[in-house]
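I wanted to walk through this one element by element and jot down what turned up. Here are my notes.

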Amino acid sequence: MIEIEALEFHYPQGEFHLSIPRMSVAQGEKVAVIGPSGSGKTTLLNLIAGISCPQQGTVKVAGQTVSSFSDAGRRDFRITNLGFVFQDFELLDYLNVLDNILHPYRITRALKLTQQVQQRAIDLSNGLEIGDKLKRFSGELSQGEKQRAAICRALLPQPRIILADEATGNLDPRNKGRILDLLFENVESHGASLLAVTHDHELLPRFDRVIDFLEFRTGAAA
Amino acid sequence: MINSLYIAWRYLVFNKVRSATLIACITLIAFLPMALQLILEESQQLLQSRANSTPLLLGARGSALDLVMNSLYFDDEVPEIISMQAADEITDTGLAYVIPLYIRFQARNKPIVGTSIDYFDFRNLQIAQGRMLAVLGESVIGAGVAEEYGLAPGDSIVSSPDTLFDLAGAYPLKMTVAGILERSHTPDDQAVFVDLKTAWVIEGLGHGHEDLSRTRDSSVILNRSEDSVTANAKLFQYTEITEENMEGFHFHGDASIYPLTALLAIPDDAKAATLLRGRYLENQQYHIVRPTEVIQGLMENIFRIKRVIDAVIAIVGLATVLAIALVFSLSVRLRQRELTTIFKLGCSRMTAVKLIAAEIVIIVLAAGIICAGLLYIVDANVETLVRMFILN
């Protein structure tokens with residue numbers, strides 16, 4: 001699902017340099033990415049999502065070279081093929097839970113908001129046990145509930161890959177396990193791949209594979 | 001765009017105070033100059049049409065504006081008093097016929113216009129209910145007065161005392177409403193018309209009381225001689241003119257010096273008007289004015305002031321637009337994190353511009369609708385507003 005070959009990346013300013021000779025994630029695989037802060041974990045997610053482009057090498061996602069697309073093409077590719085789950089949830093405080101889940105459909109033409117999509121959003125929220133909180137604003141939710149809403153938002157477009165950037169970082173131990181369970185269940189049921197950046201080594205045994213970023217880092221902080 | 005409008009709408013609803021403040025600012029800046037323009041145009045039309053239909057006005061030398069405003073629009077600023085003698089003088093020239101006006105008193109805050117029957121013909125005022133003035137103590141009221149106070153023919157209306165502490169002044173007079181005029185959309189709708197003599201009764205120049213020669217109460221007699229009887233303050237004076245006591249009403253003194261506030265002079269033709277004005281050019285006591293010219297001067301002054309107000313509003317408007325631009329630019333900064341998130345999710349940077357544009361569209365649209373509503377209300381009540389702000 002993800003294939004990286006001879007990737008070289010550095011920011012215009014600074015000494016950070018990311019070099020990945022080869023890396024791959026198979027379809028349906030759940031991979032954890034670990035490494036110290038500044039080692040380039042988030043940069044890797046940005047490169048896979050097409051937010052950043054490598055200076056050398058290729059990043060192929062679902063058989064397509066992301067960097068070969070135009071800016072608009074990368075955006076459309078991102079919103080239709082990738083689902084993002086952030087550490088701080090990034091829910092919008094002025095939208096209720098349902099509107100937050102449907103938000104990707106309202107900010108791009110690549111996705112069409114239909115009755116089926118709305119029903120799927122409700123079904124997803126029921127599956128993630130927040131179906132009774134769809135009319136609430138994010139400020140009225142617990143941390144665990146916020147992350148469940150964020151996962152719903154990421155899963156709704158039925159992406160092939162879920163990119164989770166420290167998705168459990170702001171949760172208490174009980175919620176961490178529960179959220180990870182829900183994320184795994186939904187990723188498996190959708191046949192998607194999961195690439196999750198995490199600092200939480202207790203959760204690593206639950207992943208299919210772990211990639212340690214120490215082996216790729218050749219520069220300073222990202 | 002629908003989705004952008006929806007997201008913008010949710011944002012505006014969530015931030016109610018900010019949104020309401022922005023809408024209020026834009027509404028005020030748009031509404032004020034338009035409402036002012038509306039009121040001024042109406043006042044110009046109202047003032048000018050009335051002035052144009054009034055050829056000449058004679059009054060005591062002094063403020064021409066006070067004379068016109070009192071005589072045409074029944075403003076409560078009373079000009080210097082003239083006498084009935086002035087009417088006789090104009091009639092004697094044979095150049096015009098005159099309609100006397102005595103507009104000094106009020107009944108329920110409405111002006112009492114003492115005049116002659118000719119006034120109604122001159123202003124083309126028709127009776128809608130009841131009948132025209134026939135006897136002393138009767139009134140005919142404008143449609144606006146009747147509507148406001150729910151008066152009908154047969155009801156009565158009482159004159160207000162000249163001043164609250166005028167202990168020596170005349171008693172209020174209870175006047176029967178003989179008729180109600182058809183609505184004319186002029187100041188006549190808001191007036192109480194009485195015969196000149198009734199106005200003089202209110203003034204205290206005419207009064208009615210029990211016959212002193214027949215009274216059995218000797219305590220009211222102050223002095224009795226062969227020619228006259230003088231009564232003291234105990235003598236009962238009538239406060240209403242009825243069929244029974246009408247004969248007891250009488251006037252004292254020379255009628256030619258009875259007061260008027262103005263004379264409407266209707267010349268036979270343009271030549272007669274010119275001659276009449278010429279005769280009064282050097283007159284130290286009276287002056288004749290053409291209301292059209294006076295009102296034109298007034299409107300020029302009003303529009304001069306309006307130009308200043310427009311300039312002030314334009315500056316305030318510019319400041320408001322800059323403040324609103326600042327609010328939006330700060331809003332974009334505050335929402336930087338949201339914009340980064342939606343960019344990561346896959347939307348273009350143009351979407352952020354669209355969201356802000358949608359917010360502006362909704363705010364401007366809301367302000368436009370409120371502004372239109374307010375202007376509709378102003379337009380529906382423009383006559384009242386003109387009376388409130390321009391004529392008074």
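What follows is my notebook, starting with confidence and ending with a strand in chain B.

**Confidence.** I'm looking at a predicted model, so I checked pLDDT before anything else. Chain A averages 85, and 97% of its residues score at least 70.

**Sheet in chain A.** I traced four strands of chain A that make an open, antiparallel sheet, in the order E2-E1-E4-E5. Which strands stand at the edges? They are E2 (17–25) and E5 (64–65) of chain A; each has a single partner strand, so one side of each has no neighbour in the sheet. I then followed strand E1 (residues 2–10) of chain A along E2(A) and got eight bridges, in the antiparallel sense. One pair I noted there is A:Phe9 with its bridge partner A:Leu18 in E2(A). Helix H1 (residues 41–49) of chain A packs on this sheet, where it touches E1, E2 and strand E4 (56–61) of chain A. The direction of H1(A) makes about 115° with that of E1(A).

**Helix pair in chain A.** Next I looked at H3 (residues 97–106) and H5 (residues 143–155) of chain A, which pack at about 30° with axes 7 Å apart. The crossing is right-handed. From H3(A) I listed A:Val97, A:Asn100, A:Ile101, A:His103 and A:Pro104, which meet A:Ala149, A:Cys152 and A:Arg153 of H5(A). By class, that contact has five nonpolar, two polar and one charged residues.

**Where A touches B.** How many residues does each chain put into the contact? I get 16 from chain A and 16 from chain B. On the chain A side, the elements giving two or more residues are helix H2 (71–81) and H3. H2(A) gives the most, with five residues. The chain A side divides into nine nonpolar, one polar and six charged residues.

**Strand E9 in chain B.** Last, I checked which way the side chains go in E9 (residues 192–195) of chain B. B:Val192 and B:Val194 point one way, B:Phe193 and B:Asp195 the other, and all are buried. In a regular strand, side chains alternate between the two faces of the sheet. E9(B) runs parallel to strand E4 (residues 110–115) of chain B, joined by four bridges, and B:Gly114 stands opposite B:Val194. E9(B) is also joined to strand E6 (residues 138–141) of chain B, antiparallel, by three bridges; here B:Ile141 stands opposite B:Val192.

How values were computed: Residues are numbered from 1 along each chain as its sequence is written. Chains are lettered from A and ligands numbered from 1 in the order in which they are written. This is a predicted model: local features need pLDDT of at least 70, side-chain atom pairs count only at pLDDT 80 or more; totals for chains, interfaces and linings use all residues. Axes are lines fitted to C-alpha atoms, for helices over the stretch in contact, and angles run from 0 to 180 degrees between N-to-C directions. A crossing is left-handed if the near helix is turned anticlockwise from the far one by less than a right angle, and right-handed if clockwise. Two residues are in contact if their C-beta atoms, placed from the backbone, lie within 7 Å. Ala, Val, Leu, Ile, Met, Phe, Trp, Tyr, Cys and Pro count as nonpolar, Asp, Glu, Lys and Arg as charged, and the others, Gly among them, as polar. Two strands pair if DSSP finds at least two bridges between them. pLDDT is the predictor's confidence in each residue, from 0 to 100. A residue is buried if 20 or more other C-beta atoms lie within 10 Å of its own, exposed if 12 or fewer, and partly exposed in between; C-beta atoms are placed from the backbone.
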